[in-house]
2 protein chains.
Amino acid sequence: MMQRCRHRVRSVRVTSDESDTSESGSSETETETMRCVSCLESYESCNAGTCKECYEEANETEEELKRQIEDLKAKVAFLKFWSPIDHHHSRPNGPCFTDVVLVASSDENSSGFAVPVPAHKAVLVSRSPVFKAMLENEMEESRSGTIKIGDVSYDALRAFVNYMYTAEACLDEQMGYDLLVLAEKYQVKHLKAHCEKFLVSKLNWDNSILCYAFAHQHSAKHMLDAALSLITDNMDKLTKREEYVELVEKDPRLIVEIYEAYLSKQVNTAAPKDSSSKS
Amino acid sequence: MMQRCRHRVRSVRVTSDESDTSESGSSETETETMRCVSCLESYESCNAGTCKECYEEANETEEELKRQIEDLKAKVAFLKFWSPIDHHHSRPNGPCFTDVVLVASSDENSSGFAVPVPAHKAVLVSRSPVFKAMLENEMEESRSGTIKIGDVSYDALRAFVNYMYTAEACLDEQMGYDLLVLAEKYQVKHLKAHCEKFLVSKLNWDNSILCYAFAHQHSAKHMLDAALSLITDNMDKLTKREEYVELVEKDPRLIVEIYEAYLSKQVNTAAPKDSSSKS
């Protein structure tokens, strides 16, 4: 983010006639300009930022924060697991000690076969309370060693399992939606937050109504708020959209909530500091 | 670290007669002092730090770094495993899906029994190349599901296994030494660095010679450098120490290395900028 070098600690007092005259405190007839120790450009006193001491302190803070980041990154690298999927591909004969497979049931062909995704019960249990309940309570999945996951592609399932080992996922919009659905279903909060953040960054007027309906369906609060805010900022164009018409047909309560949010925003904007108007 | 609030962005120009007279650039007869927007104290131009723009930029950088730290902390929390040891204690009947046990062989009683520490092969393999070689190559340990660890207490072994799940260890000096030995033996680099950092923080003149010998024995470079530096700073007191006499007896080569480091330091201090003296 920051390109400017702020490690050179230098303070230069420049006077208009370039001569270093009297000590500070006494009256001077020339205009004084300071030179910034960070960008090294001169500035007038009205544009002063910090004193030297605070500048040095801020530098130390920045160094300290960067050290913390390095430590945390090393910790993440240590805690990250090799994913059994990658392991499987790179060393087909090496044992992974996996004790369960996940299967995308929608991927099954006519003979009921789909490519299984190997995993460790311990990892699934550690990352998801739903898998925990499923596997620790000797349910069918635990006995058979196969967990069938409905309504998901093989690619999404692979990415889902991979995330539980590495806390990393390469997202595009479709994958963001798919993984958010899985994250919500299996209560993998960290992944859900990751997908929401990504999808919010991709939010625009064209996808806002679909995003809003999706966020509603999968309890994605952050995404819901962002989509709702975008929609209520563009109410004049709302009723002209195809998705609006479809949603009125399919789930009119969601449309009602949009209007309620819009109304509430208008009231708050009209009288932001008048608390009596809220009652 | 930083106690001062640097979030109030404020720039105040104070003139000696407290009146805001002409615009910047023109000659003024009064002395100008600036007020630091961070600590809010006034300062003379000779103590100027940054301009306002750089101050604001630095603030943004700090906020951004703090956000990164929050993200990384969440990632660490997600990737951390529940340790099978804690799990074992809190829910004795719940399955952990562990597939191997580690035993501190020095803890075995007369009938050959020691309390086993349960673990997952997948975790051990993922954290240590030594365990990886041991478990993936169908050696005795992999077949029997028991790994015997020599010369270690049950407590140290427990802490060792726990670290591989959580990247956390509660250290005192003895535990720091014990875990460093295990980390070196099983090549768990992250733990080794963690122990070294802790032991360096506990380094003092009284333990410096023992630390130096220990660091040498277990290839702890960072600790070795720190101990050596402390010793060569106190050479006048060195030969009076009991540990010195013992080390001369036990491993005189280490003592030679101390003298060599001392000599090299003296030469460098005497002529720090004279490159010809090094050849």
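This is a predicted model: local features need pLDDT of at least 70, side-chain atom pairs count only at pLDDT 80 or more; totals for chains, interfaces and linings use all residues.
**Entry 1. Strand β4 of chain B**

I began with strand β4 (residues 100-104) of chain B, which four bridges join to β6(B), the two running parallel. I took helices (H or I, at least four residues) and strands (E, at least two) as DSSP runs, numbered from the N terminus.

I then looked at the two faces of strand β6 (residues 146-149) of chain B. I147(B) and I149(B) form its covered face, whereas T146(B) and K148(B) form the uncovered one.

Residues are numbered from 1 along each chain as its sequence is written, chains are lettered from A and ligands numbered from 1 in the order in which they are written, and side-chain values use heavy atoms, with hydrogens and water left out.

**Entry 2. Chain A overall**

I counted 13 helices and six strands in chain A. Of its 279 residues, 44% are buried; I used buried for under 20% relative accessible area, exposed for over 50%, and partly exposed for values in between (1.4 Å probe, protein chains only). The accessible surface of chain A comes to about 14900 Å², and carbon and sulfur atoms account for 51% of that surface. These areas come from the Shrake-Rupley method with a 1.4 Å probe; for residues, only the protein chains shown count as cover.

I also looked up contacts in chain A between residues at least 6 apart in sequence: 55% of them join residues at least 24 apart. Contact means heavy atoms within 4.5 Å.

**Entry 3. The sheet in chain A**

I traced an open sheet of three strands in chain A, in the order β5-β4-β6, with mixed pairing. Its edge strands are β5 (117-119) and β6 (146-149) of chain A, each of which pairs on one side only. Neighbouring strands are turned by 25° against each other on average, direction ignored. For such angles, axes are lines fitted to C-alpha atoms, for helices over the stretch in contact, and angles run from 0 to 180 degrees between N-to-C directions.

Helix α6 (residues 154-166) of chain A packs on this sheet and touches β4, β5 and β6 of chain A. The direction of α6 makes about 15° with that of β5(A).

I next followed strand β4 (residues 100-104) of chain A to each of its partners. Three bridges join β4 to β5(A), and these strands run antiparallel; L102(A) has V117(A) as its bridge partner there. Four bridges join β4(A) to β6(A), which run parallel, and V103(A) stands opposite K148(A). Four of the five residues of β4(A) are buried.

**Entry 4. Helices α9 and α10 of chain A**

I looked up how helix α9 (residues 208-217) and helix α10 (residues 221-232) of chain A pack: the angle is about 150° and their axes are 8 Å apart. On the α9(A) side, the residues in contact include I209(A), Y212(A) and F214(A); on the α10(A) side, they include M223(A), L224(A) and I231(A). The residues of this contact divide into eleven nonpolar, two polar and no charged. I counted Ala, Val, Leu, Ile, Met, Phe, Trp, Tyr, Cys and Pro as nonpolar, Asp, Glu, Lys and Arg as charged, and the others, Gly among them, as polar.

**Entry 5. M175 of chain A**

I located M175(A) in helix α7 (residues 173-185) of chain A. M175(A) is buried, with a relative accessible area of 17%. Leaving aside neighbours within four places in sequence, M175(A) is in contact with D155(A), A156(A), A159(A) and C170(A). D155(A) lies 20 residues from M175(A) in sequence, and their C-alpha atoms are 8.8 Å apart.

**Entry 6. Positive phi values**

I recalled that most residues other than glycine have a negative phi. L40(A) has a positive phi of about 65° although it is not a glycine. I placed L40(A) in the loop between β2 (32-35) and β3 (42-43) of chain A, partly exposed at 28% relative accessibility. D151(A), also not a glycine, has a positive phi near 55°. D151(A) sits in the loop between β6 and α6 of chain A and is exposed, with a relative accessible area of 78%.

Note on methods: Two strands pair if DSSP finds at least two bridges between them.
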